[in-house]
Amino acid sequence: MERGKKLSSASAPVDESGRVYHLGVKPGDVSKYVLLPGDPGRVKRIASFWDKAWRVAEHREYLTFSGRYKGVFISATSTGIGSPSTAIAVEELARVGSTTFIRVGTTGALNRNIGVGDIIISTGAVRFEGTSKQYVFPEYPAVASFDVTLALITAAEELGVKYHVGLTVSSDSFYVGQERPGYKGYLPPFQRGLIDFLRSVNVLNFEMEAAAIFTLANIYGLRAGSVCAAIANRETEEFIVDAGVDDAIKVANEAVKILSEWDQIVGETGSKTVSAKTILEWYKRIGRL
Ligand SMILES: O=P(O)(O)O[C@H]1O[C@H](CO)[C@@H](O)[C@H]1O
Ligand SMILES: O=c1cc[nH]c(=O)[nH]1
């Protein structure tokens, strides 16, 4: 937005055409289905798999593209790194009409059974970040929406991508908060043993945004899921830049297509939500039953 532009109010800043302050998008610009990578560079890469794509807006860490994937109107907005900027993205996308969010990230796996390059679909996230605590008490669960998660699993199976499903931990810190030594080897006693403990309670992976996305989505009655590429493994000490990212992107795009078909069936049948009946009907419609 141009310097000096007067916005509607200090508490809900939008411009005269309805563009929200940080993202610079307005109602109609973005789909109800939005993919949320942290990295702005990943937005273009996500869009490169679409049939048609156009740049909607760019401001700070937020780059937004919209387009068509297999006929479905779809968008992608980068969140930047960490929960504060991610919560802003969810807030502003919700204001312009988005209802379903899928994080498409990179992550560090905690267990040697998860290969570098595999993908991890989150059922929920430990809220080791500060932003969601400014919204709601710490006991409130950061759970993914079951239908979005099922669509991600279904997409991974359809595409033959190796996936894992389980709990994620979202941290506010890439280094010390994920038990990586800080500068000069700094690691406070309360972070030592964190990885072993999280592994012992069956947490699969570290990243930095899922908990904020899930918490806000639950508070607002929206839907959210997350798929991340394991670029690092904290048990084997492997780290391969970009490993599995294309697979995570393909799974997320395909999950949007699948969800849109399930949503259509839910609408036609008057069901409350995606259910086993929806899935059966979907398999019939795609000629697989
Ligand atoms: O690759 P993205 O989506 O940014 O995700 C991961 O990468 C960043 C840290 O390197 C954090 O944002 C973390 O969650
Ligand atoms: O180890 C990792 C890798 C990617 N992103 C993270 O937050 N942690």
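I took residues as numbered from 1 along each chain as its sequence is written, with chains lettered from A and ligands numbered from 1 in the order in which they are written. In this predicted model local features need pLDDT of at least 70 and side-chain atom pairs count only at pLDDT 80 or more, while totals for chains, interfaces and linings use all residues; side-chain values use heavy atoms, with hydrogens and water left out.

I checked the UniProt record first. Its unreviewed entry annotates residues 32–253 as "domain: Nucleoside phosphorylase". UniProt positions are in the numbering used here, feature names are shortened, and annotations may be inferred rather than shown by experiment. I found 28% helix and 33% strand in that span, with its end C-alpha atoms 13 Å apart. Helices (H or I, at least four residues) and strands (E, at least two) are DSSP runs, numbered from the N terminus.

**Largest pocket.** I looked up the volume: about 330 Å³. A pocket here is an open set of points on a 1 Å grid over the protein atoms alone, where a 1.4 Å probe fits, with protein on both sides within 12 Å along at least five of seven lines; lining residues have an atom within 4 Å of a point. Points are joined across faces, edges and corners, and the volume is the space filled by probe spheres set on them. I got 19 lining residues, with Ile81, Arg103, Thr106, Phe174 and Met208 nearest the centre. Strands E5 (100–109), E8 (203–207) and E9 (223–233) each give two or more residues to this lining. E5 has the largest share, five residues. By class, the lining has seven nonpolar, six polar and six charged residues. Ala, Val, Leu, Ile, Met, Phe, Trp, Tyr, Cys and Pro count as nonpolar, Asp, Glu, Lys and Arg as charged, and the others, Gly among them, as polar.

**Ligand 1.** I listed the residues around ligand 1 (a heavy atom within 4 Å). Among them are Gly38, Asp39, Arg42, Ile81, Arg103, Thr106 and Phe174. Then I checked polar contacts, pairs of N or O atoms within 3.5 Å; within protein, one must be able to donate a hydrogen and the other to accept it, and residues adjacent in sequence count only if both atoms are side-chain atoms. A polar side-chain atom of Arg42 is 2.6 Å from a ligand oxygen. The Arg103 side chain has an N or O atom 2.8 Å from a ligand oxygen. For Thr106 I read 2.6 Å, again to an oxygen of ligand 1.

**Ligand 2.** The residues surrounding ligand 2 include Thr106, Phe174, Gln178, Arg180 and Met208. Gln178 puts a polar side-chain atom 2.8 Å from a nitrogen of ligand 2. An N or O atom in the Arg180 side chain lies 2.6 Å from a ligand oxygen.

**Glu179.** I found Glu179 in the loop between strand E7 (163–171) and helix H4 (194–200). Its phi is positive, near 55 degrees, in a residue other than glycine. Glu179 has a relative accessible area of 18%, so it is buried (under 20%; exposed is over 50%, partly exposed in between; 1.4 Å probe, protein chains only).

**Asp242.** Asp242 sits in the loop between strand E10 (238–239) and helix H6 (245–269). Phi is again positive, near 75 degrees. At 36% relative accessible area, Asp242 is partly exposed.

**Thr79.** Thr79 lies in the loop between E4 (72–77) and H2 (83–95). Its relative accessibility is 0%, so it counts as buried. Its side chain makes a polar contact with that of Thr86, at 3.5 Å.
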